[in-house]
Amino acid sequence: MPVPPNLLNDDGTASMATMIMSSHHAFRRDLARFARALAGSNTSSATQLEALRREWQWFRGALHGHHESEDTRMFPFLRAEHPELAATFDRLSADHRAIDPLLEAGDHAFGDPFDPATATTTVSSLKQLLDEHLAFEEAEAIPFLRPAKQFPAPASDEEAIMYAQGFAWSLYGLAPAVVDELLKLLPENLTSRLPAARAAFAARFLATWGAPMAQASETSIPLD
């Protein structure tokens, strides 16, 4: 794997690249923990299994939504600005289509009855594909988002709550300096909701995975 890019720009500020790669960090973080849980004893009780099922539904919804947003908004915008990158976006969108069947397989594996063997195989396949996909995207597409530093204000309270939950998920595990810079890009009706959302997510993380995570990552690769 190539050296991962820093989440912050060279001048120490955040950008839309930071936001996208913070989601990449969260996808890698969660897949690693699914793999550990399936290899260990975190599915041995009904309570642990139910927490794992809930976390899978969140993960698969976040990943599918992330890819849908890229395919319908980010990639068309970048394609129009940089037509020379058409092949890059074609490959990334093709990866998205290849990932969808794995998410469906995960839905069945984490369903009732729980199928630990299929869940383990699915998580492993998803990790392999995502590792390659995210590294390629970060090398070829993300640099063009470094100048973008505007995040639109949520249009409603419901949207603000949804975004706050999403940012609470994607910020967990990042170094405080990264988080501080990223928060500067967000509107007040979102940042005002983040402390509660972040506290709720930290509690959920602990309940699901059994231990907190160091808040120290400065790249999109988790440190633990």
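Our first stop is Ala202, which is partly exposed because its relative accessible area is 28%, a value between the 20% under which a residue is buried and the 50% over which it is exposed. You will find Ala202 in helix α8. From there, look across to Glu70: the C-alpha atoms of Ala202 and Glu70 are 27 Å apart in space, and 132 residues separate the two in sequence. Keep in mind as you look around that this is a predicted model.

Now step back to the whole chain. How many helices and how many strands does the protein chain have? There are 8 helices and 0 strands, so a trace along the sequence simply reads α-α-α-α-α-α-α-α. Along the principal axes, the C-alpha atoms fill a box of roughly 50 × 40 × 35 Å. The radius of gyration is 17 Å, which agrees with the value near 17 Å for a compact globule of 224 residues. Of those 224 residues, 46% are buried. If you take the contacts between residues at least 6 apart in sequence, 80% of them join residues at least 24 apart.

As for charge, the protein chain carries 18 positive and 30 negative charges, and their mean positions are 4 Å apart.

Let's return to helix α8, which spans residues 194-209 and also holds Thr208. Is Thr208 buried or exposed? Thr208 has a relative accessible area of 11%, so it counts as buried, since the cut-off for buried is under 20%. The side chain of Thr208 has a partner as well: a polar contact of 3.5 Å joins it to the side chain of Glu55.

Move on past α8 and you come to Ser217, in the segment that follows this helix. Ser217 is buried because its relative accessibility is 1%. Which side chain does the side chain of Ser217 meet in a polar contact? The partner is His25, at 2.9 Å. Leaving aside residues up to four places away in sequence, Ser217 also touches a set of neighbours that includes Leu7, Gly173, Leu174, Ala175 and Val178. Pro222 and Leu223 are among the residues touched by Ser217 too.

One is the loop between α1 (16-39) and α2 (46-81), where Ser45 sits. Ser45 counts as partly exposed because its relative accessibility is 27%. The side chain of Ser45 reaches the backbone nitrogen of Gln48 at 3.1 Å.

Methods
Residues numbered from 1 in each chain as written. Predicted model: local features only at pLDDT ≥ 70, side-chain atom pairs only at ≥ 80, totals over all residues. Heavy atoms only, no water. Helix = DSSP H or I, 4+ residues; strand = E, 2+ residues; numbered from the N terminus. Rg over C-alpha atoms; globule rule 2.2 N^0.38 Å. Buried < 20%, exposed > 50% of the residue type's maximum accessible area, 1.4 Å probe, protein only. Contact = heavy atoms within 4.5 Å. Lys, Arg positive; Asp, Glu negative; His and termini not counted. Charge placed at Lys NZ, Arg CZ, Asp CG, Glu CD. Polar contact = N/O pair within 3.5 Å; in protein donor to acceptor, adjacent residues only side chain to side chain.
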